[in-house]
Amino acid sequence: MSSTLSPMHNDHQSNDASASKRHQYQDLITIFDRLFADSFNTRLIKGTDEPVYLPAGHGAHYAQVVFAHGFYASALHEIAHWCLAGDKRREKEDYGYWYCPDGRNAQQQAEFEKVEVKPQAIEWAFCLAAGKSFQVSTDNLNGAEPDREGFRDKVQQQLKDYLLYGFPPRAQQFIDGLKEFYQTDPIPSKSCPVDLHVV
């Protein structure tokens, strides 16, 4: 694996075609593998269906962070979860967590959002480092109506905390890798951007 990456300079074009061309999932695989394939025996893998984390021995001699359908945002989200998982969690399929799918009731949605605040804050930082827009996701289209604004505020506050006090080490490594590749401006350390779209 090459230790150098070809930077993509920010051309400030705002149309979707330009953004899509600029942000390719293959680049995330290259960055992730350069940083973590050897040091953590973990690879980023394009999946065909639902995202999943598979420890080494589940179909490969390396651990796999599998993201859905080649979606760039899915890759960033799954990497964020991996960056938060400790050693023991990374020995278990999907880190040993049970996922409650779309269609959650109000209590289940509250639990879902509680565990999603940190990974979505890290995902937001990844987007900043890649020069890409970010959207929080409450991921419950067929269940109880979520408090989107309240959830957004929690994610934003967590991002501010990370910016002030530091990210988990692997998250910081990936942020640095994204910034090197995309040649983006430094992420502000004492403030948080407010151009957040809620889904």
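Which residues form one aromatic cluster? The members are Phe32, Phe36, Phe40, Trp82, Phe126 and Phe174. Rings of Phe, Tyr and Trp (its six-membered ring) pair here if their centres lie within 6.5 Å, with planes under 30 degrees apart called stacked, over 60 edge-to-face and the rest tilted. The model is a predicted one, so to speak of local features takes a pLDDT of at least 70 and side-chain atom pairs count only at pLDDT 80 or more, while totals for chains, interfaces and linings use all residues. Numbering starts from 1 along each chain as its sequence is written, and side-chain values rest on heavy atoms, with hydrogens and water left out.

Across the whole structure, the search turns up 12 aromatic pairs. Tyrosine 162 and phenylalanine 167 make a stacked pair, because their ring centres are 5.1 Å apart and their planes meet at 25 degrees. Both of these residues are buried, a label for under 20% relative accessible area, against over 50% for exposed and partly exposed in between (1.4 Å probe, protein chains only). Arginine 170 shows up over two rings: it lies over the face of phenylalanine 40, at 5.4 Å from the ring centre, and its charged end sits over the ring of tryptophan 82, 4.5 Å from that centre. For such a call, NZ of Lys or CZ of Arg must be within 6 Å of the ring centre and within 35 degrees of the ring normal.

Now to the core. A nonpolar core is a set of buried Ala, Val, Leu, Ile, Met, Phe, Trp, Tyr and Cys residues joined through side-chain atoms within 4.5 Å. The largest one has 44 residues, and Phe126, Phe167, Phe174 and Leu178 touch the most other members. Two or more residues come from each of H2, E3, H3, helix H4 (106-130), helix H5 (148-165) and H6, with H4 giving the most, nine residues. Helices (H or I, at least four residues) and strands (E, at least two) are DSSP runs, numbered from the N terminus. Leaving aside neighbours within four places in sequence, phenylalanine 126 is in contact (heavy atoms within 4.5 Å) with Leu76, Ile79, Ala80, Cys83, Ala171, Phe174, Ile175 and Leu178. In soluble globular proteins, nonpolar side chains tend to be buried together.

Then there is the sheet. Three strands form an open sheet in the order E1-E3-E2, with mixed pairing; pairing takes at least two DSSP bridges between two strands. Strands E1 (42-46) and E2 (52-54) are the edges, each pairing on one side only, and the twist averages 20 degrees from one strand to the next. E2 and strand E3 (residues 63-67) run antiparallel over three bridges, and tyrosine 53 stands opposite valine 65 in E3. Helix H3 (residues 72-84) packs on the sheet, touching E1, E2 and E3, with its direction at about 140 degrees to that of E3. Helix H2 (residues 25-36) lies across E1 and E3, at about 170 degrees to E1. Axes are lines fitted to C-alpha atoms, for helices over the stretch in contact, and angles run from 0 to 180 degrees between N-to-C directions.

Histidine 69, in the loop between E3 and H3, has a positive phi near 55 degrees, and it is partly exposed at 40% relative accessibility. Aspartate 94, between H3 and H4, has a positive phi of about 50 degrees.
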